[in-house]
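Please look through the sequence and the model shown here before reading on.

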Amino acid sequence: REWFQRLTDEENAKVDALKTAVGKDGKPLSQEEIERRTAKQSKFYNGLRKDLEALLERVRHTRGIPKDPNSFAARAGRTLMSLNVLRLMGGVTISSIPDVARPIQKYGLTRTFRDGFVPFITRVKQFQLSKREARLAGIGLDPVLHTRAYQMYDMLDDYSHRTKFERGIEYATSRMGVIALFDYWTQAMKEISSSVAIAKVSDSIDLAVNGGGSAKELAEATEFLSAGGIDGPLARDIWEQMLKAEGAEEINGVRIPNTETWDNPDAIRAFRAALRNEADSTIITPGLERPLWMDNTLPGRMIGQFKSFAMASTTRTLMAGLQQRDMAFVTGTMISLALGALSYYVWAVASGGRAYEEMMNAGIDKWADEAITRSGNLAFLGEVQRIAEGIPGVRNVATFSGQQTTRKAGTDLTEALLGPSFDALQKANAVIAGLGEPTEGTLHSLRLLTPLQNLFFLRQAFDAIEASAGLPERRQ
């Protein structure tokens, strides 16, 4: 109520100010001009209220609840979205290889290796303590909670009774992150990023409380802490807790907190919240930044499924990097491009057959397309590019090679524009229409509707089954 009241008070103050305002000519505003500006102010503040209401609904998990969650349409839509996960998310781990570059983009090469990668590889005490703190903050529990996977799948919460079949699909969907190894990948990457974040937060609090650095370093530390919700008083409270007996342990010049021994609940909550925020923004976990249409209705969710990651990347990678303006982001971006190329290579090897041959014979322009697309640096612009790739007349402008990229191989323009659910219905219609005289196209459409069909370690088996069917290429 307080937040909404602040908006109302601010709007009323600005509207009242219009009554005594003057124009460029120094004369009081006309009644018509006052009404025009009042309407403009009203539209602006109504938009703010709408955004704030959406954020609160997302935090409370009440946004986009169907009017009748038990209706056939709502349950069928939810089940179809779950099936989309099972049939299309088998290669998400390979596509996530560029995640390795994200801590470098945010914290820099030296700090990331010193406080993240090296401790992770050597499993020294520093990493074990950081890992423990991450667990206490709810980080790295993906093999159990599937947090990041479910956010990227854009799945609905449970609001209705479900049949055994529906519950079976739901269970299989929840385990997809484990089957495709994505949950374990996320766990490792968040452990690494949390280790770096703990060192960064500790150093920043030390600098903010005790000084000792340059004005630029102090400003950077203050801004970093503010972004994590830690102000001056909280920074001092956290530092006091660290200085207590067993409140922290200093290893290799890094002060690793032990929040289990702290006795200030506000300091504990603030530190863990800041750590969680850093982990989710570094190893991108979609949150509140999605457009309103993506989760306001069931059709919106179906159209926007699998697009939340790109939306979150727009804020957390692209825009944040442009604002960051330092060598850490540049270095991380270069490394992410290299890892994007590696992702393409691993995908081709896992796919085998024609995909592997095309990769081995690909020119530098094709490698450039794949490195850029798979790096994730394009954020939502990558979705725009994918739509352009599906239009033959525009494809030569959208890519260097004039070919479609492979990051979401097997999808078409319908899927890019209307989402995987509508694409699935289109393919189901093609299968039903071709049952009388099945062709290779009929079988391929059926294959694309099959759960686990693009799971990276089963893909070649599905390809072999499809190739051995001996169906005609087209109807005679």
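Leaving aside neighbours within four places in sequence, Val201 is in contact (heavy atoms within 4.5 Å) with Phe224, Leu225, Ile230 and Phe271. This is a predicted model, in which local features need pLDDT of at least 70 and side-chain atom pairs count only at pLDDT 80 or more, while totals for chains, interfaces and linings use all residues. Residues are numbered from 1 along each chain as its sequence is written, and side-chain values use heavy atoms, with hydrogens and water left out.

Val201 is also among the residues with the most contacts inside the largest nonpolar core, which has 28 residues. Such a core is a set of buried Ala, Val, Leu, Ile, Met, Phe, Trp, Tyr and Cys residues joined through side-chain atoms within 4.5 Å, where buried means under 20% relative accessible area, exposed over 50% and partly exposed in between (1.4 Å probe, protein chains only). Among the elements that give two or more residues to this core are helix 12 (182-210) and strand 2 (254-257); helices (H or I, at least four residues) and strands (E, at least two) are DSSP runs, numbered from the N terminus. The largest share, seven residues, comes from helix 15. A second, separate core of 22 residues includes Leu80, Val92, Leu298 and Met302.

Helix 18 has a kink of about 40° centred on Thr314, the bend at a residue being the angle between axes fitted to the seven residues ending there and the seven starting there. Its buried residues include Phe309, Met311 and Arg316, and just after helix 18 Arg325 takes a positive phi of about 50°.
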